[in-house]
Protein chains: 2
Amino acid sequence: MGGRLSLAEPLQGGDRRALAKAITLIESTRADHREQADALLTALMPATGGALRLGISGVPGVGKSTFIEALGVFLLERGHRVAVLTIDPSSSVSGGAILGDKTRMEKLSMDTRAFIRPSPSGGTLGGVAEKTREALLLCEAAGFDVVIVETVGVGQSETAVAGMTDLYLLLQLPNAGDDLQAIKKGVMELADLVVINKADLDQAAAMRAQAQITSALRLLPTHAHATQRVMKVSALKSDGIEPVWAALTALRTEREASGAWGARRREQSLAWMWERIQSGLKQAFMAHPGVHAQLDITTAAVREGRTPASTAARQLLAAFQAGSVA
Amino acid sequence: MGGRLSLAEPLQGGDRRALAKAITLIESTRADHREQADALLTALMPATGGALRLGISGVPGVGKSTFIEALGVFLLERGHRVAVLTIDPSSSVSGGAILGDKTRMEKLSMDTRAFIRPSPSGGTLGGVAEKTREALLLCEAAGFDVVIVETVGVGQSETAVAGMTDLYLLLQLPNAGDDLQAIKKGVMELADLVVINKADLDQAAAMRAQAQITSALRLLPTHAHATQRVMKVSALKSDGIEPVWAALTALRTEREASGAWGARRREQSLAWMWERIQSGLKQAFMAHPGVHAQLDITTAAVREGRTPASTAARQLLAAFQAGSVA
């Protein structure tokens, strides 16, 4: 057990500096830090699970920051404590990103009842998502009862966000026709709520967008989320925020009553565990000297159609299992 | 090298019995058979790749067999040799399935220029798909220049079929509104061509379906397949088959010219190899005594929120790497 367990108490007391330090600890790649982080997380597990975990995404320019700021301030005024985490595998320098987040969510960042943390820098989406999942647990342990996980609309990251949150909200621009084209495969299906932002700029366009997206959703197969809705807001004027929150709260009540809320969390935890196992297995495989020695040649043979893919897989697996695991 | 390499010559000569035996060999789970199968496949690889690989799916009742029979007979009349493979992970008894296939595609099954093989019985979708992929290569080595891989519409299997074919055709019923609901997530996006069957039964409904599906496709994000089309046929009357074949051939010409045809095949082969590696790694992981001993307890702890998923994954991976690979 590492000395960082001393973070547990102030963190659970709601100390934002302790929370920030704990997140830095889980983001560290040092082996001893990782051990301390695991111990800290395990110690805090009983204190987690209390927040509404809300995923938000949308293409650049849709007004994500303005929307999150409006929703966040609305929630603070009603006595909630709000944390905002970001997933962006493309972010490389965390210093710059922090500055960016503080600038773009000015009121939230200055409020002591809120906590804003930018995307962990660098790494694969899987790695960034893992750190964000762990940060989410830490935020819950620190007493934040609404944790927003936002991501920029780049396809895979939306799936990661929907996979770690209770409700997933997709922001859209009023020019739906064009904008729908910009949504990557399957993202629309993930949405529990589609919110058209900047509805004040062109009311007619926003109405059309609402109708178009509603009918698109009806054509899509939505087995998992039969309750998809489309709403309009103007985040800049804080207009329409209350109905959005009411809709989210209604979904929560409905799903808690049906048991779907807890079931989704259990599935997410197990899926997360298996995803990390798969990723760890692939890492061990790639690092194995026997595999390493023949991977390039085998891959080329498969690409050129000289070796059947299944045969190649068996050969590489045999190489992996012949030696000890690296 | 196994004695079954003697199958290679008659198989390449187009002998359907040798082909059937070779497929039985690759379907066997015996280790010595597997070795012989790998040797046979590797020997035949230079003779593979020559067919148009066509995936076909649709919900039960859409008229898949009638459509494949009509298309198959059309192709035989034009000098093609047609093989039909089926993927159905739910099929348990292959004897029954063979009889079923022969009955439902009467003309094709009696023609010596055609070859029909039912789904490998039992197993996971991954296992069934692997055997079908290998059977497809064997059919190509036996000189079949159109290989149809069909599957019943059950979600995951469509993705498997689209992942092993050059072109993927989705059959639809004229009552599009209802039917679209029956399509699982993402299947519509996979389709290169959507064909509305039984168009003669209700021409007006078929027209509506065509318009509805066309606009649904336009709303869907279709980066990979910008050339999606919707056509109408009556397979029972062999009506509209020629335009469908012309559309498929046009897509092939276009993609061969752009290089997309070969690129898709190379991607499919590599994806297949990695899928088998992932699957093999998971098998080794599950069979490892150290993992086996603690998996249930750890899974329960994650499900109940006592252990963070990432910590659990690290513990299990440590157990796997501590001992030798089973």
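In this predicted model, a residue counts as buried when its relative accessible area is under 20%.

Q: What about Cys139(B): buried or exposed?
A: The relative accessible area of Cys139(B) is 0%, so Cys139(B) is buried as well.

Q: How many disulfides does a search of the whole structure find?
A: Zero, over all chains. To count, a pair of cysteine sulfur atoms would have to lie within 2.5 Å.

Q: How do you know what span to expect for helix H3 of chain B, and what do its end C-alpha atoms show?
A: H3(B) covers residues 31–44, which is 14 residues. At 1.5 Å a residue they should span 20 Å, and the end C-alpha atoms are 20 Å apart, so the two values agree.

Q: Which residues of H3(B) are buried, and what covers them?
A: The buried residues include His33(B), Arg34(B), Asp38(B) and Leu44(B). Among the elements covering the buried residues are H1, H2 and H7 of chain B, together with H15 of chain A.

Q: What makes H13(A) oblique to H14(B)?
A: Their axes come within 8 Å and cross at roughly 135 degrees. Roughly perpendicular ends at 115 degrees and roughly antiparallel starts over 145, so H13(A) is oblique to H14(B). The contact involves residues including Met273(A) and Trp274(A) of H13(A), and Leu295(B) and Val302(B) of H14(B).

Q: Is the crossing of H13(A) and H14(B) left-handed or right-handed?
A: H13(A) passes H14(B) in a right-handed crossing.

Definitions and conventions: Residues are numbered from 1 along each chain as its sequence is written. Chains are lettered from A and ligands numbered from 1 in the order in which they are written. This is a predicted model: local features need pLDDT of at least 70, side-chain atom pairs count only at pLDDT 80 or more; totals for chains, interfaces and linings use all residues. Side-chain values use heavy atoms; hydrogens and water are left out. Buried means under 20% relative accessible area, exposed over 50%, partly exposed in between (1.4 Å probe, protein chains only). Helices (H or I, at least four residues) and strands (E, at least two) are DSSP runs, numbered from the N terminus. The expected span of a helix is 1.5 Å times one less than its number of residues. Contact means heavy atoms within 4.5 Å. Axes are lines fitted to C-alpha atoms, for helices over the stretch in contact, and angles run from 0 to 180 degrees between N-to-C directions. Angles under 35 degrees count as roughly parallel, over 145 as roughly antiparallel, 65 to 115 as roughly perpendicular and the rest as oblique. A crossing is left-handed if the near helix is turned anticlockwise from the far one by less than a right angle, and right-handed if clockwise.
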